[in-house]
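Good morning, and thank you for joining.

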Amino acid sequence: ERFMAQREAAKQRGDRHADQAIKIMMNSMFGIFAAPACRFFSPELANAITHFGQQTLAWTRESFERRGVKVLYGDTDSVFVQLPEDEGAESCEKKAEALRQQVAKEIVDRIHAEYDVEARLDLELEKIFSRFLLPRVRGGKGGSKKRYAGWVGDPKSGQLEIVGLESVRRDWPPIARRLQQGMLVRLFHDEEVLPFVREIIAALRSGELDDELVYNKRIRKGSLDRYTASSPPHVQAARKLEERHGVKAGAVIRYWISESGPEPLVGGEIPPGRLDRKHYIERVLRPIADAILCEVGSSFAEALGEGQQLTLI
């Protein structure tokens, strides 16, 4: 209770660092209860925390659905719902806040009726997306977890928000960010996406984007010697750096893909004529593009000029 009061005070004064620090400490309590090596290990408490969280999330979903609101996605401590599309921004804000109050009260009342305790939970209205994309799991029809993109605010002055997708991951080359963000902006503004994908493919093939093809990957095991069961691409590149150039590999390895495999970036530039451009087209561009193009009835194969692949029934 004290932590929650301190965190709320941090939010009120706009202290984002204190807010995050207190959140981490609160989350660490679960780790303490769930760790067998800890003196406070208590599987009953750990299980109770996860069960209560899942139950509350299910109650929240049920509460929205009882009011005729479609729930798009929910995970851990958040719920995404679809508001009526024919209402203006101001009307959506009012409707969303009214829904928040109704559902929050219902959850508080249900907790009190079920456990006879005062609920400390609060359902917040964090933001409203005017457009929203929840990519499907690759090879499946369901949405993927903790991966989404949306447009917040006015179509002209708003901004793109991305969570969990390739363009915000540090271990993907910058060309992934260029492609994905460019596609999403066009998608959310009802512009043609396929021509932009073709532009990126052409620029990659011509060498215009070579400086955006470098991977950055951290060596997480502390030492290259600890990678015995497998040798990921960044480890292969790090070993080549030490063997060929006598340079000790750092914690973060910058590398690129040649036709003979991963190569460390030496001198800040990729040597001309050795890039495996097919790797970047198939392993970087294709999965990113297909995840978005499938939503508009197209595919990366069409962008490459291969034509649409028929779906087997």
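**The cavity and its surroundings**

The largest cavity is lined by Leu133, Pro135, Arg147, Leu165, Glu166, Gln180, Leu184, Ala291 and Ile292. Please note that this is a predicted model, in which local features need pLDDT of at least 70 and side-chain atom pairs pLDDT 80 or more, while totals for chains, interfaces and linings use all residues. Residues are numbered from 1 along each chain as its sequence is written, and side-chain values use heavy atoms, without hydrogens or water.

A cavity here is a set of points on a 1 Å grid over the protein atoms alone where a 1.4 Å probe fits but cannot get out, and lining residues have an atom within 4 Å of a point. Helix 5 (174-188) and helix 8 (277-293) each contribute at least two lining residues; helices are DSSP runs of H or I with at least four residues, and strands are runs of E with at least two, numbered from the N terminus.

Turning to the strands, strand 1 (residues 70-75) and strand 2 (residues 78-82) run antiparallel, joined by five bridges; pairing requires at least two DSSP bridges. Gly74 has Val79 of strand 2 as its bridge partner. The two strands form a hairpin with two residues between them, and Thr76 in the turn has a positive phi of about 65°.

Methods: On a 1 Å grid over the protein atoms alone, a cavity is a set of points where a 1.4 Å probe fits but cannot get out, and a pocket is an open set with protein on both sides within 12 Å along at least five of seven lines; lining residues have an atom within 4 Å of a point.
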